[in-house]
Amino acid sequence: MSKIKGQNFRFFADIDGGGLAAVPEETNVSVSLTGNTEDTTTKDTEGMFSQEDIVSTAWSAQVDSYQAEPAQLRAVLRTFKAAQPVGVKWDQTAGSQNRVAQNANFKRSGDALLNDFTMQFDDRAIANCSLQFQGTGALS
Amino acid sequence: MRRGQYYRLFLAAAANPSKVIAAAKAMSLHGSAQTEESSTKDTTGDALEYEVVGQTYDISGSALVLTPTDTLNTGGNSVNDMEGYVQNTLLYWKICLCDGTNNRNVVETIASGTCKCTSLQLQGQNKQNAQYNYTLAGYGTIDVPSEPASSGTD
């Protein structure tokens, strides 16, 4: 069994036009894929159970990190203000700082909107930044 | 990695705020975009497409309640100042990386803008330092300064 550790499952984003790069100081990534269903049960359907068709799909991702360098935070803010989809992907990584993509079978890429962010600055705690992306269009 | 105490919120009722929140404990900047599904019959495939139709942001934080004569109030916003802000007053803010005495010397500005103070809560729990929580609702856009020529991204 060849397992992928969480630190090797990384999220890449084209923040502020800098090209696809691993989110620095990433601590957690969570990707959600959703199939939106519609009941297609008709009078011709046998039994009591409904029959569901997936009529559309959507996806989103949340990335938590300790990135808190001024330039990094400004880049996030500019990307948010631009309100335009940016390129993103996730992949299995290895190498220096776990940033070298391995093109694993579960690699996916697409475009997404940075539609939510939180920058947290607490006394005596590591500053952190959470990003939420809403996929726009299909994954490849 | 940087610790949160080096990022300070400056706030004032006039442009170019120079007063931090005195005895600040925590602070966060949160932005949210309102998206609308924009898929049409012309869209290829089943994947939904979205576009941004609005953006909002807010700043929230907490600080200790100091006595009016505490020296940290000098050059900083006290709880009395914050109380005065809870009205329809346009406030100017900026978040900066700071260093120096009491972490008040500006090194770099992250962002700035205008806001309204929409919430102030004072708490006095037995055997605890009295503190207050505030919420600032963003008014207009966030201004982000351009990068210094030598700045990197990671």
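**Figure 1. The interface of chain A and chain B, and the area it buries.** In this predicted model, chain A and chain B bury about 3,700 Å² between them, and 54% of that area lies on carbon and sulfur atoms. On the side of chain A, the residues that lose the most area to chain B are R74(A), K81(A) and F121(A), which together make up 18% of what that side buries. Counted by contact, 40 residues of chain A meet 42 residues of chain B.

**Figure 2. Polar contacts and salt bridges between chain A and chain B.** Across this interface 24 residue pairs are in polar contact, with both residues of each pair at pLDDT 80 or more. The side of chain A that touches chain B draws two or more residues from each of β4 (52-65), α1 (70-82), β7 (108-122) and β8 (128-135) of chain A, and the residues of that side divide into 19 nonpolar, 11 polar and 10 charged. The count of salt bridges between the two chains is 4; one of the salt bridges in the model joins the side chains of R78(A) and E147(B), with an N to O distance of 2.8 Å.

**Figure 3. Strand pairing between β7(A) and β3(B).** Strand β7(A) pairs with strand β3 (residues 24-37) of chain B in the antiparallel sense, and the pairing extends over 7 bridges. D122(A) is placed opposite A26(B), a residue of β3(B). In a regular strand, side chains alternate between the two faces of the sheet.

**Figure 4. R2(B), in the segment before β1 of chain B.** R2(B) belongs to the segment that precedes β1 (7-12) of chain B, and its relative accessibility of 28% makes it partly exposed. Apart from neighbours within four places in sequence, R2(B) is in contact with A68(A), E69(A), P70(A), A125(A), I126(A) and A127(A) of chain A, and with Y7(B) and L97(B) of chain B. With E69(A) there is also a polar contact between side chains, in which R2(B) takes part at 3.0 Å. Within chain B, R2(B) and S62(B) are separated by 60 residues in sequence and by 19 Å from C-alpha to C-alpha.

**Figure 5. P145(B), in the segment after β8 of chain B.** P145(B) lies in the segment that follows β8 (131-143) of chain B, and with a relative accessible area of 28% this proline is partly exposed. When residues up to four places away in sequence are not counted, P145(B) touches R74(A) and R78(A) of chain A together with T109(B), I110(B) and A111(B) of chain B. Although P145(B) and A111(B) are 34 residues apart in sequence, their C-alpha atoms are 6.7 Å apart in space. Of the two arginines that P145(B) touches, R74(A) is among the residues of chain A that lose the most area to chain B, while R78(A) meets E147(B) in a salt bridge.

**Figure 6. Strand β1(A) and the strands with which it pairs.** Strand β1 (residues 9-13) of chain A is largely enclosed by the rest of the structure, because 4 of its 5 residues are buried. It runs antiparallel to strand β5 (residues 86-94) of chain A, to which 5 bridges join it, and within that pairing the bridge partner of R10(A) is D91(A). A further 2 bridges link β1(A) to strand β2 (residues 21-22) of chain A, again in the antiparallel sense, with A13(A) standing opposite A21(A) of β2(A).

Notes. Residues are numbered from 1 along each chain as its sequence is written. Chains are lettered from A and ligands numbered from 1 in the order in which they are written. This is a predicted model: local features need pLDDT of at least 70, side-chain atom pairs count only at pLDDT 80 or more; totals for chains, interfaces and linings use all residues. Side-chain values use heavy atoms; hydrogens and water are left out. Buried means under 20% relative accessible area, exposed over 50%, partly exposed in between (1.4 Å probe, protein chains only). Contact means heavy atoms within 4.5 Å. A polar contact is a pair of N or O atoms within 3.5 Å; within protein, one must be able to donate a hydrogen and the other to accept it, and residues adjacent in sequence count only if both atoms are side-chain atoms. Buried area is the accessible area (1.4 Å probe) that two parts lose on being put together, summed over both. Ala, Val, Leu, Ile, Met, Phe, Trp, Tyr, Cys and Pro count as nonpolar, Asp, Glu, Lys and Arg as charged, and the others, Gly among them, as polar. Two strands pair if DSSP finds at least two bridges between them.
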